[in-house]
Amino acid sequence: MAGQVWEWGTTLWGEDMGVPSFKYPYLVDGREALDAPPSVRRVLRGGCFSSGKLKACCTYRGSLEPDGFWRGNGFRVAVAKPPTLVTPLATFAPDLKAKGRL
């Protein structure tokens, strides 16, 4: 997803705004430490309403301290639709079942 708001992530960026401490490819190297101090920036992704097309894509990463604030940061709310129960066709067409067509 891209645009609307920068999406907060739990992945750590590091303390330097310009250079991430954790490079890709993704490794098990501490970048997902939930107990990191507030001085360590977290990854923001997806761009926001005022981002240019370079930043408004799912692969672009930005960063900000957890206590930081900027008008384009936020959360995406996602809701899953519950599974639909499918009623067997025989319920609607008992005569077809009786004739052996189902």
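Visitor: What makes the residues of the lining of the largest pocket nonpolar, polar or charged, and how do they divide?
Guide: This is a predicted model. In it, the lining divides into seven nonpolar, three polar and two charged residues. Lys and Arg count as charged, so Lys55 and Arg61, both in the lining, take that label. Gly counts as polar, and therefore Gly62 of the lining is placed in that class. Trp, Met, Leu and Tyr count as nonpolar; the lining includes Trp6, Met17, Leu44 and Tyr60.

Visitor: Why is the contact of Glu7 with Arg45 called a salt bridge?
Guide: The rule asks for a side-chain nitrogen of Lys or Arg within 4 Å of a carboxyl oxygen of Asp or Glu. For Glu7 and Arg45 the closest N and O atoms are 3.5 Å apart, so the pair meets the rule. The pair links distant parts of the chain, with Glu7 in strand E1 and Arg45 in strand E2 (residues 41-45), 38 residues apart.

Visitor: Is Arg45 buried, exposed or partly exposed, and how do you know?
Guide: Its relative accessible area is 33%. Buried means under 20% and exposed means over 50%, so Arg45, at 33%, is partly exposed.

Visitor: How many salt bridges does the rule give?
Guide: The count comes to three. Another of them joins Asp29 and Arg31, where the closest N and O atoms are 2.9 Å apart. That value lies within the 4 Å limit, so the name applies.

Visitor: What makes Arg31 buried or exposed?
Guide: Arg31 has a relative accessible area of 1%. The limit for buried is under 20%, so Arg31 is buried. Asp29 has 33% relative accessibility and therefore counts as partly exposed.

Visitor: How do you know that Arg41 and Glu65 meet in a salt bridge?
Guide: From N to O, their side chains are 2.7 Å apart, and the limit is 4 Å, so the pair qualifies. Arg41 lies in strand E2 and Glu65 in the loop between E3 and strand E4 (73-74), so the pair ties together parts that are 24 residues apart in sequence.

Visitor: Why do Arg41 and Glu65 get their labels for accessibility?
Guide: Arg41 has 5% relative accessibility, which is under 20%, so Arg41 counts as buried. Glu65 has 29%, which falls between 20% and 50%, so Glu65 is partly exposed.

Visitor: Where is Pro66, and what does it touch?
Guide: Pro66 sits in the loop between E3 and E4. Not counting residues up to four places away in sequence, Pro66 touches Trp8, Pro38, Val40 and Arg42. The C-alpha atoms of Pro66 and Arg41 are separated by 6.6 Å, although the two are 25 residues apart along the chain. Pro66 has 33% relative accessibility, so the label is partly exposed.

Visitor: What about Ala56: where is its place, and why is its label what it is?
Guide: Ala56 is in the loop between E2 and E3. At 29% relative accessibility, Ala56 falls between the two limits and so counts as partly exposed. Its C-alpha atom is separated by 5.3 Å from that of Gly46, 10 residues away along the chain.

Visitor: Which elements does the protein chain have, and how do they run?
Guide: The protein chain has two helices and four strands. From the N terminus on, the elements run β-β-β-β-α-α. Buried residues make up 25% of the 102 residues in the protein chain.

Methods. Residues are numbered from 1 along each chain as its sequence is written. This is a predicted model: local features need pLDDT of at least 70, side-chain atom pairs count only at pLDDT 80 or more; totals for chains, interfaces and linings use all residues. Side-chain values use heavy atoms; hydrogens and water are left out. On a 1 Å grid over the protein atoms alone, a cavity is a set of points where a 1.4 Å probe fits but cannot get out, and a pocket is an open set with protein on both sides within 12 Å along at least five of seven lines; lining residues have an atom within 4 Å of a point. Buried means under 20% relative accessible area, exposed over 50%, partly exposed in between (1.4 Å probe, protein chains only). Contact means heavy atoms within 4.5 Å.
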